[in-house]
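Subject: Structure handover

Hello,

Here is the structure you asked for. My notes follow below it.

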Amino acid sequence: ALESNGYQLMLGQIGYYESREDQLIDAIVGRRPDGIVLTGIVHSAVTRRRLMSSGIPIVETWDYTPTPIDMLVGFSHERVGAEVCEFLVSRGRRRLAVISADDPRATMRQQSFSRTAVKLGMASPHIEFVPAPASHASGRLAISNTLDRRPDLDAVFCSSDMLAMGVMTELRARTIAVPESIAIVGFGDLDFSATLAPALTTVRIDGAQLGRTAAQFIVESAQNKTVEQRVVDIGFSIVERKSA
């Protein structure tokens, strides 16, 4: 969408280290690009002031707030957590756990899942955090730790499909049946998710639509056109497969 309008993309990456964002934003703003697309809405006060005073079109993505710095394309992580919990409870699951990376967006999903479980009359879910970025190995270790503490659990919500794959690998090694004994739900709908055995139930985000909309916002703003709808919630869907 950018290239077809004569724009090129410059990438800056901070991983999960928010402390690096201020320095990176200073470097990018200093180059005076036609627009800046950010992942997430959690920024330091310094970064927010720098961006708001820059005069550069800003699009925040992969999260949701009705009051962005400038424009936003995303979805509610709180709604994801709540709806996954409701999905599992509606299928008779009662002893719940969350295995989550310790980044802010995954934590929002975990907290909403936990609140919803209690609201629905369930015991508070067991929470097992792993360092971000999550991996297959950390999923295996996390479900091992979880089973040590909650051997009777019957459902796990993982903050990524990669974690979910690690969980399923460890359960298979222990001859614990999925979903008969423990249901698994992931997040992301990665390429491998539908080909796992059993196929992974997960949360799908239309990343292509998110990217196209963010690019459209940047192009229209750079061309001094009015962006009528400056906040777009693209939503999400729970893709029900065999693991839950």
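First, the ground rules. This is a predicted model, where local features need pLDDT of at least 70, side-chain atom pairs count only at pLDDT 80 or more, and totals for chains, interfaces and linings use all residues. Residues are numbered from 1 along each chain as its sequence is written, and side-chain values use heavy atoms, without hydrogens and water. Helices (H or I, at least four residues) and strands (E, at least two) are DSSP runs, numbered from the N terminus.

Now the ends of H4. At its start, a side-chain oxygen of Asp103 comes to within 3.2 Å of the backbone nitrogen of Arg105. Just after H4, Gly121 has a positive phi of about 90°.

Buried means under 20% relative accessible area (1.4 Å probe, protein chains only). The buried residues of H4 include Ala106, Phe113 and Ala117. The buried residues of H4 pack (heavy atoms within 4.5 Å) against helix H3 (77-90) and strands E4 (96-101), E5 (126-130) and E6 (155-158).

Strands E4 and E5 run parallel, joined by five bridges. Pairing takes at least two DSSP bridges. Ile99 has Glu128 of E5 as its bridge partner. On E5, His126, Glu128 and Val130 form the covered face, while Ile127 and Phe129 form the uncovered one.

Best wishes

Definitions and conventions:
Buried means under 20% relative accessible area, exposed over 50%, partly exposed in between (1.4 Å probe, protein chains only). A polar contact is a pair of N or O atoms within 3.5 Å; within protein, one must be able to donate a hydrogen and the other to accept it, and residues adjacent in sequence count only if both atoms are side-chain atoms.
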